[in-house]
Amino acid sequence: MRFSNLHTHTTFSDGVGTVRENIESAIAKNMLSLGFSDHSFTACDTSYCMKLEDYEKYCAEVKTLAAEYKEKLPVFLGIEKDYYSEIEAGMFDYVIASVHYIVKNGVCYPVDHTRAHQEACMNDLFGGNVLDMAKCYYGMVAEHAAVCKPDVIGHFDVLNKFSFMPEKDEKYMYVAEDAFRETFKHCKRFEVNTGGISRGWRKEPYPSFGLLTLLRDLGGEAVINSDSHHPDNLDFYFNESAELLRCAGFETFSVFNGKGFDKIKL
Ligand SMILES: [Zn+2]
Ligand SMILES: [Zn+2]
């Protein structure tokens, strides 16, 4: 089975490969197409995102190389838009919407950096109540979808990255599912993100299997993405993710074609 990846980071943000190196890798892997989605600029933390002054260079480089490689591989220009970023969506072929921070009282708490950051966020902002933190995060994901109207929802439950959330707890799952339904009202396409597995944090992609079955029940679409930060990982765990989607009852997954999404049989 051939795949595409829409969630690719390069040296324009916190990836290690250049745009060209990623294209070459996608061709070597016989992929259908490749989309770039470097991190949008976040003023609250500039350590891993794209610099504001680099947007134009990023767009120009992806477009130039897309033209150069057009006979070999369709290449698309996207962005991973954070909740706290302003972007001109019209600059990009597609937008992935993600939440990476909770900012309160001028303090920026990353939700997917380390377990210690999550713990500090829970203690400082939510009096140690993990469910209140989950409600806040998932509420932001739904709000981001409503405002941004993205093409794809990025790593919906990345809050589970460090096994800090009580994933087996009914109350937690209710919060996550409720927000999932709310998010779905604004965007029916969610990524199956394998980035947590390639980096050794998780054994299953985001979102969890229960949420994938909910996505199927709601009639939504799944896009298989690697959230790759290295050219070798562009299609990491894709065959397994396709199998997971089949197990969840999906018959197709969605692949971007430059204008919209095609459904490919699993
Ligand atoms: Zn992300
Ligand atoms: Zn990403």
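In this predicted model, the zinc ion (ligand 1) is coordinated by Glu80 through OE and by His100 and His155 through NE2, at 2.1 to 2.2 Å. Along the sequence these donors follow the spacing E-x19-H-x54-H. Glu80 lies in strand E3 (residues 75-82), while His100 sits in the loop between strand E4 (94-98) and strand E5 (101-104), so the pair ties together parts that are 20 residues apart in sequence. Glu80 also bridges the zinc ion (ligand 1) and the zinc ion (ligand 2), which are 3.3 Å apart.

How accessible are Glu80, His100 and Asn160? The table puts their values side by side.

| Residue | Relative accessibility | Class |
|---|---|---|
| Glu80 | 1% | buried |
| His100 | 2% | buried |
| Asn160 | 1% | buried |

Asn160 deserves a look of its own. This residue is found in the loop between strand E7 (152-153) and helix H5 (170-184). Leaving aside neighbours within four places in sequence, Asn160 is in contact with Tyr138, Met165, Glu167, Tyr172 and Arg202.

Finally, the cavity search. The count comes to 1 cavity of 30 Å³ or more, and the largest cavity has a volume of about 30 Å³. Which residues line the largest cavity? They are Ser4, Leu6, Val223, Ile224, Phe253, Ser254, Val255 and Phe256. Strand E9 (221-225) and strand E10 (252-256) each supply at least two residues of this lining, with E10 giving the largest share, 4 residues. By class, the lining has 6 nonpolar, 2 polar and no charged residues.

Conventions:
Residues numbered from 1 in each chain as written. Chains lettered and ligands numbered in written order. Predicted model: local features only at pLDDT ≥ 70, side-chain atom pairs only at ≥ 80, totals over all residues. Heavy atoms only, no water. Donors = N, O, S within 2.8 Å, 3.2 Å for Na, K, Ca; no water. Buried < 20%, exposed > 50% of the residue type's maximum accessible area, 1.4 Å probe, protein only. Contact = heavy atoms within 4.5 Å. 1 Å grid on protein atoms, 1.4 Å probe; cavity = no way out; pocket = protein on both sides within 12 Å on 5 of 7 lines; lining within 4 Å. Points joined across faces, edges and corners; volume = space filled by probe spheres on them. Nonpolar A, V, L, I, M, F, W, Y, C, P; charged D, E, K, R; others polar.
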